[in-house]
Amino acid sequence: MNDVTKIGVGGSRASVVNAAHQDVSGERALRNLNRWREGHGAFPYDAVISHYQAVGRTQADCRLVAALRDAHAWLSGPADPSDAPWWLTTWLPSTFDQDDGDYNSYLGTELLEGVAGARIDTLIITLIAELLATEAAALSHVPDHRAQHGRTQACLHALTRSARLAPDAPEVTQRKPGGANGADFVTYCREQAGRALAAVPSAHLRAANLAMLPTTRLHDEHMFIRSIQIFEMLYRQVVGHLTRATRALELDDAELAKSEIAEAADRLESTAALYRVVTTMPKKTFAVIREYTSGRSAIQSKAYREVELRSATRLPHPHADKLPALDIPGPTLQDAFIAAADRVPSERLTDVAAQLARMDGAWRGMKRTHWGITLKIIGVTPGTGGTAGADYLKTTVDTPLFPALTTPTRG
């Protein structure tokens with residue numbers, strides 16, 4: 001399905017095929033942006049997003065890109081009279097960062113985390129449900145497209161696993177599907193996505209929309225961005241569990257520590273549902289996306305790195321110059337557990353140790369799945385961040401999350 005008029009897996013986004021001429025050209029966005037600068041009307045979010053989703057960041061109108069860069073400089077200046085909302089100044093750099101952006105600006109991580117605040121689980125549900133709605137809409141255009149049907153089923157499966165992926169979010173109500181194929185299945189998926197989206201704050205929906213600025217016109221990039229955004233938010237929640245577990249051990253509260261670590265392990269074990277979605281990425285399509293996202297590597301993920309650093313002190317990373325700078329105060333979870341063992345009776349820490357082992361297994365299992373999928377989709381091609389790609393991931397699979405608490409494996 002290389003025809004640009006085809007919608008769905010291996011083809012174009014519906015927003016590309018159905019885009020109005022003035023959105024493809026960028027004229028509507030540029031005209032409305034100029035009016036805003038002149039003090040007439042609100043910032044034209046919808047027009048700007050429509051242009052970017054119709055053509056991709058790499059093909060965005062150069063006049064509009066320059067105007068957005070100027071708008072950001074104006075809003076960030078000392079003489080700014082507009083009292084611009086935080087999300088506008090946070091989001092704008094993503095519209096002109098194609099040459100100097102990184103993994104986090106590609107995903108709009110700062111915007112998503114800032115809008116979500118303490119309700120990150122609700123944002124996770126928002127992102128999953130929006131992805132399901134998008135894939136179901138694509139399936140309605142190509143009902144006989146087997147790959148698109150498989151993608152939509154995988155997204156539905158992820159939503160049904162939301163109780164473990166995002167346990168603090170509003171419960172996603174379910175009803176039995178009317179049919180596994182055809183119009184009934186599309187209707188069911190849209191209904192399920194709609195139920196979930198109706199229960200989330202409008203700010204979450206807005207942030208999800210703003211953070212969808214693909215680099216290409218490919219339908220698959222929408223899935224790719226959404227999937228890794230969900231992973232980022234999930235890692236951020238795991239960080240919270242680790243932080244609270246560490247504090248609990250410092251206070252000799254073994255029961256709370258056990259509970260927090262168990263919840264972190266639950267989330268990590270549930271990532272299989274997310275990887276099921278990612279495996280629907282066609283190899284040829286991902287090769288195109290990689291070409292346009294060079295330098296935006298997952299090793300730049302702040303939340304992923306923080307999970308590791310809050311778990312235990314790490315050896316120097318082989319690609320330290322490409323990693324985000326992070327200052328993690330206080331002891332690691334591993335240190336807190338070892339210190340607690342000198343104060344707390346061992347029987348009170350038995351369950352904590354069991355949950356630490358479970359989380360270590362879940363973390364390594366997740367990395368093993370990531371490695372396998374990477375090997376399948378990109379083979380031995382070098383990674384976008386200068387790593388050895390799948391070969392690099394293979395070297396990290398057996399690295400324990402809590403090295404001092406892990407029994408070495410004997411060959």
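How many salt bridges does the structure hold? The structure holds 23 salt bridges (a side-chain nitrogen of Lys or Arg within 4 Å of a carboxyl oxygen of Asp or Glu). This is a predicted model, in which local features need pLDDT of at least 70 and side-chain atom pairs count only at pLDDT 80 or more, while totals for chains, interfaces and linings use all residues. Residues are numbered from 1 along each chain as its sequence is written, and side-chain values use heavy atoms, with hydrogens and water left out.

**View 1. Salt bridge of Arg236 and Glu113.** The N to O distance between the two side chains is 3.2 Å. The pair links distant parts of the chain, 123 residues apart: Arg236 lies in helix α14 (residues 219–250) and Glu113 in helix α8 (residues 109–116). Helices (H or I, at least four residues) are DSSP runs, numbered from the N terminus. Arg236 counts as buried because its relative accessibility is 18%, whereas Glu113, at 21%, counts as partly exposed. Buried means under 20% relative accessible area, exposed over 50%, and partly exposed in between (1.4 Å probe, protein chains only).

**View 2. Salt bridge of Glu306 and Arg310.** These side chains meet at 2.6 Å, N to O. Glu306 and Arg310 are four residues apart in helix α18 (residues 302–311), so about one helical turn separates them. Both residues are buried. Glu113, Arg236, Glu306 and Arg310 are linked in a network of salt bridges.

**View 3. Salt bridge of Arg343 and Asp252.** The side chains meet at 2.7 Å, N to O. Arg343 sits in the loop between α19 (333–340) and α20 (346–378), and Asp252 in the loop between α14 and α15 (254–269), 91 residues apart. Arg343 is partly exposed at 44% relative accessibility, and Asp252 is partly exposed at 27%.

Definitions and conventions. Helix = DSSP H or I, 4+ residues; strand = E, 2+ residues; numbered from the N terminus.
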